[in-house]
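Subject: A structure for you to look at

Hi there,

Here is the structure I promised to pass on to you. Please open it next to this email and look up each residue as you read.

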Amino acid sequence: MGTSPRLPSPMPVAPPALGWATGSGAERSWLSFSMEEDEFFGEKTFQHCCAEFIRHSQQIGDGWEWRTLKDSSEGYMCKTHFQIKPETLMSHSGASACVQTCLPIEEALELPLDDSEVTETTTGSQVIKYEYHVLYSCSYQVPVLYFRASFLDGRPLALKDIWERIHECYKTRLLQEPWDTITQQSLPPQASPSPAHC
Amino acid sequence: MTDDKDVLRDVWFGRIPTCFTLYQDEITEREAEPYYLLLPRVSYLTLVTDKVKKHFQKVMRQEDISEIWFEYEGTPLKWHYPIGLLFDLLASSSALPWNITVHFKSFPEKDLLHCPSKDAIEAHFMSCVKEADALKHKSQVINEMQKKDHKQLWMGLQNDRFDQFWAINRKLMEYPAEENGFRYIPFRIYQTTTERPFIQKLFRPVAADGQLHTLGDLLKDVCPSAVAPEDGEKKNQVMIHGIEPMLETPLQWLSEHLSYPDNFLHISIIPQPTD
């Protein structure tokens, strides 16, 4: 999923747990994360933390933005992230190697080229678009992270593809209890185009 | 109170007579007869339509079948909404049976979630139950339960077992003796005339002076356009489980007796029929 700026102290935030979403359009399903047990706080505090989070994100060029809901003081954070999954065949003179990696686009472009002749053919590269929303859930009184993965043409990733791409540290828990770790949901009204209340 | 327990049973055993017809453009090897079924109001479409699927797949070739989905008068039906909510919101002013069209092609990605398995329905159901308890009890009751209790809620719903379900669910309907109700009431208000899918807000069942809030109080606060002005004409029906509760009904009572198995009050605001 990539790294995001940690919330600055003095408001430490436990890493979110997992939710899940797929699909496109208003009725897309989203993955949602929620915090561990005791970290409750109100919407104002959430907004304050988001402001700091966004400020830090801007400093490190991490792409998070704040969106305010129409006719409301409420809002949420969002970020879009593209990841390229190249399936490339790299031949050096003599040896050939098949490399399959999943790199953020910026890193893929920075791969140094060997002096020796390197023929690189990209077969079936796929660009995957991840969209993240961080909303405040007044039901749980915690922030909730929603994410959605799709191809550039809008087709959602299959569930198993999403699960394969989950960070290693969550994978064990995920594979043991996939449906407990992940919640498939429609994006709640807060983050849909129309104004919403929680 | 015996009367109140009857309400729980009436809600649980509510049924909607439904006629399922295969979409005319689906490819069949022979003519597909419509399929009639009494749908439980409190359940979910993909949980109770295995027989519907089998009935139509009998007349189709394997290669023409992909994920089943349902539609009413052009509107794809969200399987993750309870059946009774879908009917009240979309079809309650029409004559019975409820005519649903069955599709096996062209899944509307933009309108519907996929339902890959019964596990997906269970996960969605349990996630709603947990959210409701977060509102009612700061999740204390649901978290104190064992996993087998959670499983019993789901199995009770899946197998239409009222006693099995309520043996556990009654604990989710309790509140401390010193309080007059839950912390907040789990509810969602739906209207087809607005863009927003539903309204959900924090709302307490008891006012600061100890008075019980009513359904009318809730609507005035979160959805004032739905309620007619004092002397004005009634524009809308406020419907839960196919009935219009009196606006004076205490919200706490509604939450305890008219919630769906997911512990939410799913309330439909629909235009007053003109007949």
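First, some ground rules. This is a predicted model, in which local features need pLDDT of at least 70 and side-chain atom pairs count only at pLDDT 80 or more, while totals for chains, interfaces and linings use all residues. Residues are numbered from 1 along each chain as its sequence is written, chains are lettered from A and ligands numbered from 1 in the order in which they are written, and side-chain values use heavy atoms, with hydrogens and water left out.

**Chain A**

Let's start with chain A, which has five helices and 10 strands. Both kinds of element are DSSP runs numbered from the N terminus: helices are H or I runs of at least four residues, and strands are E runs of at least two. Of the 198 residues in chain A, 46% are buried. Here, buried means under 20% relative accessible area, exposed means over 50%, and partly exposed is in between, using a 1.4 Å probe and protein chains only. Contact means heavy atoms within 4.5 Å. If you take the contacts in chain A between residues at least 6 apart in sequence, 60% of them join residues at least 24 apart.

Is Lys79(A) buried or exposed? With a relative accessible area of 9%, Lys79(A) is buried. A polar atom of the Lys79(A) side chain lies 2.9 Å from the backbone oxygen of Asp62(A).

**Chain B and its domains**

Chain B is divided into domain 1 (16-103), domain 2 (117-174) and domain 3 (179-268); these bounds come from an automatic or database domain assignment. Between the C-alpha centres of domain 1 and domain 2 of chain B there are 27 Å. Eight residues of domain 1 of chain B touch eight residues of domain 2 of chain B, by the contact rule above.

**The cavities**

How many cavities of 30 Å³ or more does a search of the whole structure find? The search finds four. A cavity is a set of points, on a 1 Å grid over the protein atoms alone, where a 1.4 Å probe fits but cannot get out; lining residues have an atom within 4 Å of a point. Grid points are joined across faces, edges and corners, and a volume is the space filled by probe spheres set on the points.

The largest cavity holds about 90 Å³ of space. It is lined by 13 residues, and the closest to its centre are Val11(B), Trp166(B), Ser259(B), Tyr260(B) and Pro261(B). Helix 1 (2-12), helix 8 (162-172) and helix 10 (251-257) of chain B are the elements that give two or more residues to this lining. Domain 2 and domain 3 of chain B each supply at least three of the lining residues. By type, the lining has nine nonpolar residues, three polar and one charged. In this count, Ala, Val, Leu, Ile, Met, Phe, Trp, Tyr, Cys and Pro are nonpolar, Asp, Glu, Lys and Arg are charged, and the others, Gly among them, are polar.

The second largest cavity has about 60 Å³ of space. Its lining includes Thr46(B), Glu67(B), Trp69(B), Phe107(B) and Cys115(B). Nine of the lining residues of the second largest cavity are nonpolar, one is polar and one is charged.

**Loop residues in chain B**

Several loops are worth a visit too.

- Ser139(B) sits between helix 5 (118-137) and helix 6 (140-144) of chain B and counts as buried, at 12% relative accessibility. Leaving aside neighbours within four places in sequence, Ser139(B) is in contact with Tyr140(A), Lys130(B), Asp133(B) and Ala134(B).
- Phe198(B) is in the loop between strand 6 (187-191) and helix 9 (215-222) of chain B, and is buried at 13%. The C-alpha atoms of Phe198(B) and Ser268(B) are 9.4 Å apart, although 70 residues separate them along the chain.
- Pro97(B) is joined to Leu96(B) by a cis peptide bond, with omega about -5 degrees.
- His241(B) is not a glycine, yet has a positive phi of about 50 degrees.
- Asn263(B) also has a positive phi, near 75 degrees, and counts as buried at 1% relative accessibility.

Happy exploring!

Key:
On a 1 Å grid over the protein atoms alone, a cavity is a set of points where a 1.4 Å probe fits but cannot get out, and a pocket is an open set with protein on both sides within 12 Å along at least five of seven lines; lining residues have an atom within 4 Å of a point. A polar contact is a pair of N or O atoms within 3.5 Å; within protein, one must be able to donate a hydrogen and the other to accept it, and residues adjacent in sequence count only if both atoms are side-chain atoms.
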